[in-house]
Amino acid sequence: MHLFLILMIAISLSMDAFSLALAYGTLNLSMKKAGILSAIVGIYHFFMPLLGFFMGSFILHFLDMDPDVLVFFVLLFLGIS
């Protein structure tokens with residue numbers, strides 16, 4: 001992966017985590033609940049990109065197509081639904 005792509009993924013994940021932290025801050029949660037929710041979000045932010053990377057590599061191993069075309073169809077499906 002190019003460094004720019006990794007940097008963009010890191011920025012987008014940190015923006016998502018920041019927005020969740022703002023939302024949790026407005027709920028007046030106890031420190032224990034806020035810590036548990038933050039840990040869950042952190043775990044998801046760690047494992048979901050890895051899961052997506054490995055699933056994409058697995059799918060591209062069996063399909064002989066350009067990855068850009070596959071991404072186009074996935075985003076088209078998400079946009080329609």
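Student: Which pattern does the chain follow, read along the sequence?

Tutor: This is a predicted model, in which local features need pLDDT of at least 70, side-chain atom pairs count only at pLDDT 80 or more, and totals for chains, interfaces and linings use all residues. Residues are numbered from 1 along each chain as its sequence is written, and side-chain values use heavy atoms, leaving out hydrogens and water. Helices (H or I, at least four residues) and strands (E, at least two) are DSSP runs, numbered from the N terminus. The chain has 3 helices and 0 strands, and the pattern along the sequence is α-α-α.

Student: Which element has the highest mean pLDDT?

Tutor: The pLDDT is the predictor's confidence in each residue, from 0 to 100. The chain averages 86, and 99% of the residues score at least 70. Helix α1 (residues 3–25) has the lowest mean, 84, whereas the highest, 89, belongs to α3.

Student: What radius of gyration does the chain have?

Tutor: The radius is taken over C-alpha atoms, and the globule rule is 2.2 Å times the number of residues to the power 0.38. The C-alpha atoms fill a box of roughly 50 × 30 × 20 Å along the principal axes. A compact globule of 81 residues would have a radius near 12 Å, but the chain has 17 Å.

Student: How much of the chain do buried residues make up?

Tutor: Residues are buried under 20% relative accessible area, exposed over 50% and partly exposed in between (1.4 Å probe, protein chains only). Of the 81 residues in the chain, the buried share is 4%.

Student: Which helix gives the most to the nonpolar patch?

Tutor: The surface patch, whose members include Phe-58, Phe-62, Met-65 and Leu-76, has about 1000 Å² of accessible area together, by the Shrake-Rupley method with a 1.4 Å probe, where for residues only the protein chains shown count as cover. Both α2 (31–62) and α3 (67–80) supply at least two residues. With 5 residues, the most comes from α3.

Student: Why does Phe-58 count as exposed?

Tutor: Phe-58 lies in helix α2. It counts as exposed because its relative accessibility is 53%.

Conventions. Patch = residues over 30% accessible without salt bridge, like charges linked within 9 Å, V, L, I, M, F, W, Y side chains within 5 Å. Salt bridge = Lys/Arg side-chain N within 4 Å of Asp/Glu carboxyl O.
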